[in-house]
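Q: Hey, I just opened this one and have never looked at it before. Can you walk me through it?

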Amino acid sequence: MTFTVEVALFLFSGGNVETSELIRRASNRDISTYDNLSLYFDTVRLETDFEKARPHYERIYDIAAQQKVKFALSDQQTAIKFYELAKKAALMLAPHLFHYYLLYVEWDREPQKKFYVPRMNVLKPVVDDLQDLADGRIELLAVSLAPRTGKSTLGIFYVTWGGSRTRRT
């Protein structure tokens, strides 16, 4: 990890500069550039409260994914950097959010072998409901979808994600 002025200031000040202020400064830069978006990511990693960091990681993921597509044909090296940054953001979100877990576990899988991304339009509402179940917002979830839509496989992914969440707490 390379240290930027803001991160170095935090480290050498003994933590006297509020993390939220460092994040605010990093997010106010032109985060459409890789270096600034990467700085923003590194700064958000200083935040230990996931709920405070979450919107920042989601923003970083979204911007990195957009920029990856933008640079895919014109500057492949930059596109790859944004691709890897989106992957890092997904990794930070995956232990807490089932949607990002599904994206992350299949990240490097060949496109024709992926389960979730090709079915995301159909499965995303179920993924959101499973997230509500995991977070205790609902107590019971019954899923009824057409055959071969991925209910069983999604359930297996949910159990593996839930098991990893239980061990981490």
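Predicted model: local features only at pLDDT ≥ 70, side-chain atom pairs only at ≥ 80, totals over all residues.

Q: OK, what's up with the phi of Arg148?

A: Arg148 has a positive phi, about 70°, even though it isn't a glycine.

Q: And is Arg148 buried or exposed?

A: Exposed: the relative accessible area of Arg148 is 82%.

Q: Let's zoom out. How many helices and strands does the chain have?

A: The chain has 8 helices and 0 strands. Going along the sequence, that gives the pattern α-α-α-α-α-α-α-α.

Q: What share of the residues is buried?

A: Of the 169 residues in the chain, 37% are buried.

Q: And what about contacts in the chain between residues 24 or more positions apart?

A: Take the contacts with a separation of 6 or more: 52% of them are between residues 24 or more positions apart.

Q: Got it. Which residues touch the most other members in the largest nonpolar core?

A: That core has 39 residues, and the ones touching the most other members are Leu37, Tyr40, Ile60, Tyr61, Phe98 and Leu154. The elements giving two or more residues to this core are H2 (19-27), H3 (34-44), H4 (50-71), H5 (76-93), H6 (98-105), H7 (116-134) and H8 (151-168).

Q: Which helix gives the most to this core?

A: That's H4, with 7 residues.

Q: Back to Ile60. What is Ile60 in contact with, leaving aside neighbours within four places in sequence?

A: Ile60 is in contact with Leu37, Tyr40, Phe41, Val44, Leu85 and Ala89.

Q: Where is Ala89 found, then?

A: Ala89 is in helix H5. Ala89 counts as buried, at 0% relative accessibility. Not counting residues up to four places away in sequence, Ala89 touches Phe41, Tyr57, Ile60 and Tyr61.

Q: How far apart are the C-alpha atoms of Ala89 and Arg45?

A: They're separated by 9.8 Å, while the two residues are 44 residues apart along the chain.

Q: Let's talk about H3. How many of its residues are buried?

A: 9 of the 11 residues of H3 are buried, so H3 is largely enclosed by the rest of the structure. The buried ones are Asn36, Leu37, Ser38, Leu39, Tyr40, Phe41, Asp42, Thr43 and Val44.

Q: And which residues are buried in H2?

A: In H2 the buried residues are Thr19, Leu22, Ile23, Ala26 and Ser27. Looking down the axis of H2, those buried residues fall within an arc of 130°, so they line one face of the helix.

Q: What lines the largest pocket?

A: The lining is made of Tyr61, Ala65, Lys68, Tyr83, Ala86, Leu103, Glu106, Trp107, Lys114, Val117 and Met120. Sorted by class, that lining has 8 nonpolar, no polar and 3 charged residues.

Q: Which helices each supply at least two residues of that lining?

A: H4, H5 and H7 each do. H4 gives the most to the lining, with 3 residues.

Key
Residues numbered from 1 in each chain as written. Heavy atoms only, no water. Core = buried A, V, L, I, M, F, W, Y, C linked by side-chain atoms within 4.5 Å. Buried < 20%, exposed > 50% of the residue type's maximum accessible area, 1.4 Å probe, protein only. Helix = DSSP H or I, 4+ residues; strand = E, 2+ residues; numbered from the N terminus. Contact = heavy atoms within 4.5 Å. 1 Å grid on protein atoms, 1.4 Å probe; cavity = no way out; pocket = protein on both sides within 12 Å on 5 of 7 lines; lining within 4 Å. Nonpolar A, V, L, I, M, F, W, Y, C, P; charged D, E, K, R; others polar. Arc of directions from axis to C-beta.
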